[in-house]
Amino acid sequence: MSATRKRILVTGGAGFLGSHLCERLLAQGHDVLCVDNYFTGRKDNIAHLLGDANFEAHRHDICFPLYVEVDEIYNLACPASPIHYQFDPVQTTKTSVLGSINMLGLAKRVKAKIFLSSTSEVYGDPTVHPQREDYRGNVNPIGPRACYDEGKRAAETLFFDYHRQHKLRIRVARIFNTYGPRMHPNDGRVVSNFIVQALKGEPITIYGNGEQTRAFCFVDDLIEGFLRLMAASDDVTGPINIGNPVETTVRELAETIIDLVGSRSTLETRPLPIDDPVQRCPDISRARNLLDWEPRVPLDTGLKRTIAYFDKLLTERGEISGKRAKLKA
Ligand code: NAD
Ligand code: UDP
């Protein structure tokens, strides 16, 4: 094996982000081991990679130890959508805590560099805006989102303790809302929900008054940020925000998607979920300075690519006719 070709483990590799990451790592010539329990991931996401001799998929729950020999680990395993991480909240916390302990133990044994996909949810419902990495957050430790938020906070703690105590080489990325092809059509996240609803001509479900904000990053930009962080010098441990600092309200997002799809969908309001953050937007100065990274794909462009993906998927499944109005140029 050449010096630059690495053996890389991606946990959660059959998920939305994981499958894109596996694809990029294979394109760089690495030997990729994808580990997933298929809770929210799909074999379809990695089917096109199975013929590659450098790719291997293994069904495994990271709450249990894993013995493999690798040079780098990207620990992405964890459901990311509120409806999925709240489905079995105890398993969600276990995945972040036990899963991180197992992957950190593996990294320690084989002296691998290890990456954690943490989240903007560690900031909870933020009182500081935009969110910088030194903001400590406003998280409800006993609410329905806590299994995810506190699970990730504990995972970050574990990563930094393994770093201080065992000198492990760590990278911690705090990911803000990301979207793109291969999002699960039923995973309940706002971009996939709105696109599927718009394509089917169903009402767009706005939770609350729609004035809450998020900042949406296209998946290709995000993965580029992951690769740069992993490749950075070992003193760049993070935490480091990776996201697109262009804030938009949920209502604006709905209107943009309706417009891009050319849909007749109407807007329908639903109750706001408990502890739903009011405002979220990353400060990415640290990523700009340390990784020379910033998003390149504007929201309209990324949405068009995502709409095209769902259009094809729903047409193949016979859920839409495929005769809808063409995307606006
Ligand atoms: P996803 O649900 O598509 O992918 C998660 C993957 O992990 C799935 O394939 C799932 O089957 C797998 N998984 C879950 N529990 C597991 C376990 N115990 N053992 C093995 N595999 C397990 O979600 P995603 O959007 O691809 O998110 C990937 C990572 O990025 C997650 O850690 C998530 O917390 C983080 N993140 C994502 C976003 C986003 O906007 N997509 C934002 C913040 C953080
Ligand atoms: N949301 C919405 N309608 C939907 C799904 C989500 O209005 O059909 C809102 C949700 O309440 C939140 C925002 O969109 O304010 C982003 O939700 P998502 O679940 O995508 O991510 P998160 O809340 O974790 O940022």
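## Legends to close-up views of a predicted model

**View 1. Thr205 and the residues around it.** When neighbours within four places in sequence are left aside, Thr205 is in contact with Asn193, Phe194, Gln197, Glu268 and Arg270, contact meaning heavy atoms within 4.5 Å. This is a predicted model in which local features need pLDDT of at least 70 and side-chain atom pairs count only at pLDDT 80 or more, while totals for chains, interfaces and linings use all residues. Residues are numbered from 1 along each chain as its sequence is written, chains are lettered from A and ligands numbered from 1 in the order in which they are written, and side-chain values use heavy atoms, with hydrogens and water left out. Thr205 belongs to strand 8 (residues 204-207); helices (H or I, at least four residues) and strands (E, at least two) are DSSP runs, numbered from the N terminus. With a relative accessible area of 7%, Thr205 is buried, a word that stands for under 20% relative accessible area, with exposed over 50% and partly exposed in between (1.4 Å probe, protein chains only). Between the C-alpha atoms of Thr205 and Gln28, which are 177 residues apart along the chain, the separation is 40 Å.

**View 2. Arg174 in strand 6.** Arg174 lies in the strand formed by residues 170-175, and its relative accessibility of 8% makes it count as buried. Apart from neighbours within four places in sequence, the residues in contact with Arg174 include Glu133, Glu156, Tyr123 and Asn241, and Pro239 is also among them. The peptide bond leading from Gly238 into Pro239 is cis, with omega near 0°, and Pro239 sits in the loop between helix 7 (219-231) and strand 11 (240-242).

**View 3. A stacked pair, Tyr85 and Tyr148.** The structure holds eight aromatic pairs, where rings of Phe, Tyr and Trp (its six-membered ring) pair if their centres lie within 6.5 Å, and planes under 30 degrees apart count as stacked, over 60 as edge-to-face and the rest as tilted. One of them joins Tyr85 and Tyr148, whose rings are stacked at 4.3 Å centre to centre with 5° between the planes. Because Tyr85 lies in helix 3 (residues 82-85) and Tyr148 in helix 5 (residues 146-166), the pair ties together parts that are 63 residues apart in sequence. Both Tyr85 and Tyr148 are buried. Elsewhere, ring pairs link Tyr74, Phe115 and Phe226 into a cluster.

**View 4. Helix 8 against helix 10.** Helix 8 (residues 250-261) packs with helix 10 (residues 299-316) at an angle of about 60°, their axes being 10 Å apart; axes are lines fitted to C-alpha atoms, for helices over the stretch in contact, and angles run from 0 to 180 degrees between N-to-C directions. Helix 8 is therefore oblique to helix 10, since angles under 35 degrees count as roughly parallel, over 145 as roughly antiparallel, 65 to 115 as roughly perpendicular and the rest as oblique. Residues of helix 8 that take part in the meeting include Leu253, Ile257 and Leu260, and those of helix 10 include Leu299, Leu303 and Ile307.

View 5. Arg182, a residue other than glycine, has a positive phi near 80°, and at 13% relative accessibility Arg182 counts as buried. Asp275, likewise not a glycine, has a positive phi of about 65°, but Asp275 is partly exposed, with a relative accessible area of 32%.
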